[in-house]
Every structure is written in C-alpha cells, then in structure tokens.
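Open the model in a viewer that can select by residue range and by ligand. The stops below can be followed in order.

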Amino acid sequence: MYRIRFHGRGGQGMKTASRILSNAFFLGGYEVQDAPRYGAERRGAPIFAYVRAAKQPINERGIINRPDLVIVADDSLVAIPAAGVLQGIGPQTVLMINSHEAARTWEERLNVPGQVLILPVTEEVEDRAELPFLGTTCAGAAARLIGIIPLEHLQQAIRDELAHLGTEIVEKNLQQAAEAYELAAEYAGKVIEGTEISAQDYAKPEWIDMPFEVASISAPTIHTGLTSELAATGTWRTMRPVIDYQLCNRCWWVCSEFCPDGAITVDDEGYPQIDLDQCKGCMICVAQCPPHAIEAVAESVAQLAEATEATEATEAVGDKS
Ligand code: SF4
Ligand code: SF4
C-alpha cells in the first residue's frame, strides 16, 4: 500500500493535491482513501492531507503514521513540531520539500533516516512562496515520484477535480502539473510501496492502574485567556499587518480590541504595537482600522525589508568606525 502525506498551510492547496493524486491512483485501478486534517480553519494555519492507495481493499483508517512519501509545500513548517511533518519518517520514506535550500542542508539539519529531495522548479522561479497552483505542482511531482501514475491519469484527475473552476483555470493547472511531472522525472519511481501493517503480532500493553482523583485535584488550572502565549502563532502568518503611524489617529482601542489573539497592545503615548510572535496574520485589524492605517504586506516581503534594513544598519556602523 502507498501512504502519502502532503503538508502545507491553509490556502496552499494540499487538500486539492491529495484529491488529485488519489483520483489519479483510482483511474489506474487502485482502491484509494484521501482526507485532509485541519488545525485552526484559516489561511496560513498548518494542515496536512493524506492518501492511501492499494490494489487490495484498504482496511487502515486514520492519519498515516508510517509514510512512504511526504511532500512539504512550505519549508517553514518543518521546524514546527505541531505540524507533524517529520512524524513517522523511516528509512524507506522520501521527503520532498519546497525550499530554496539544498537537500544536503536539510539532510544535515534534520538527520532523518529517509531520503530528502527538493521540489524541482524551473530556473525562472525566483520566489518559491509565489509559485502558482502549488497544489497541482505538488500532486504532479508526487505522481512522478511514485512512478506508476501515467501523465494521462494525472491530467484526467485534475480535470475531474477542478472542472467547477472553469476551463482557463483547469488549463493552467494542467500545465503546471505537467511541468512538475516532467521536472521530477529524475526521481521517477523513488517511492517504494510500503508493506502491510499487521496486527497479528500485537501484544497488549501492560496496564497501569491510575488512582482516581476528583477533577479539582487532578485537572490542570489554566490562568491564561485567549491563545496560549507559548504557541508561537506568529509562524502561521503569510501576511503581516504593518501600521503607518502617520495615518494612525491613536483611537487607542479599535485594532487592539478586535485582535482575536490579544497581539496588539497600546503604548503610553496611545500608539498600537503589534507582537509579531503572537500575530497570526488574520488581517482583522487591517479591516477594522477606521483611517486604514494598517496595511497587509506579504510576510516574505516584510522579512526581506527587515533583512535589508539590518544589513544597511550594520554597514553604516562599519563606515563610522
Ligand atoms: S493580523 Fe492584526 S488582528 Fe490578526 S492577529 Fe495580527 S495583529 Fe491581531
Ligand atoms: S485602529 Fe487604526 S487608528 Fe486606531 S489605534 Fe489602531 S492603527 Fe491606530
């Protein structure tokens, strides 16, 4: 049985990728299962979707713990334990990451037993975060890695899955998937079908009797309201709210009140300050600010601007000394 997991962020098309891939398997005579698993239901939050495919009836259920192939659409998810990207990776697993960094760098960084590959893209692509139709791109690469899915089945699956979006969108997705399929040719057949998992040798665990305690003693006490401070929801962000203090009229409460994460505080002079470790990029503050003083900026653009500013500051210090 083939077991495949697609990891990405809400809005990157991983559920679509799983639907397309399972449909392509189905067209080749396979029994299939596909399902998404969402966390917080919003764009940018980590999600994964999985596919099982086999020539026999599939009796396994639930999330895939021993994947043969893991495709990661956004490399920033790898470092987030809650995203579960590395869960169950074994020596037989192929891990394909959409990243500007080299496979070797990831191998050294992760030290996982499986093989690490980078999602191949054409040389014209400068920013992988801007890749169009990422879901179909990942599905196309996955189909080629698996090696037994012909391009016609992949294309038919895309037509079936995306027909409701109209001919133009379908054609663009077909083009993108065919390109990914072609670019991944050198890895064709790298994914090996996993063995059946049998419960025959299952041994019952030894039970431990836990003494009963009333909830007032045994349950945790939670003092913090809103999102836990320890969850770095700032890593979910694909868009960043940026305040133009020239336009902000220090109404002092609208943005800070509406922020669902309590990520905006107001300083002593009445200016709002955003805690970027906690801001998850929902853009509610952008929509609510009466004088439109908060702008939505792509996170990649904001980070680049920060890095440029830091470099210029360092160079300025160097020039003075
Ligand atoms: S985008 Fe604005 S409202 Fe949303 S979490 Fe960030 S600061 Fe709060
Ligand atoms: S809602 Fe707009 S004007 Fe009011 S404090 Fe926030 S940024 Fe300033």
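Select strand 1 (residues 2–9) and strand 3 (residues 46–54): the two run antiparallel and are joined by 8 bridges. Strands here are DSSP E runs of at least two residues, helices are H or I runs of at least four, and both are numbered from the N terminus. Within this pair, Arg-9 has Pro-46 of strand 3 as its bridge partner. This is a predicted model, in which local features need pLDDT of at least 70 and side-chain atom pairs count only at pLDDT 80 or more, while totals for chains, interfaces and linings use all residues. Residues are numbered from 1 along each chain as its sequence is written, and chains are lettered from A and ligands numbered from 1 in the order in which they are written.

Angles run from 0 to 180 degrees between N-to-C directions, with axes fitted to C-alpha atoms, for helices over the stretch in contact. Contact means C-beta atoms, placed from the backbone, within 7 Å.

Keep helix 1 (residues 14–27) and select helix 3 (residues 134–146): they pack at about 35 degrees with axes 8 Å apart. Residues making this contact include Ile-20 and Leu-21 of helix 1 and Ala-139 and Ala-142 of helix 3.

Move to helix 4 (residues 151–162) and helix 5 (residues 167–183). Their axes are 10 Å apart and the packing angle is about 150 degrees, which makes helix 4 roughly antiparallel to helix 5 (the term applies to angles over 145 degrees). Among the residues that meet are Leu-154 and Ile-158 in helix 4 and Leu-174 and Ala-177 in helix 5.

Finish at the ligands. Which residues come nearest to ligand 1? Of the 13 around it, they are Cys-259, Cys-279, Cys-282, Ile-284 and Cys-285. Ligand 2 is surrounded by 13 residues, with Cys-248, Cys-251, Val-254, Cys-255 and Cys-289 the closest. A residue counts as near if its C-beta atom, placed from the backbone, lies within 6 Å of the molecule.

How values were computed
Angles under 35 degrees count as roughly parallel, over 145 as roughly antiparallel, 65 to 115 as roughly perpendicular and the rest as oblique. Two residues are in contact if their C-beta atoms, placed from the backbone, lie within 7 Å. Two strands pair if DSSP finds at least two bridges between them.
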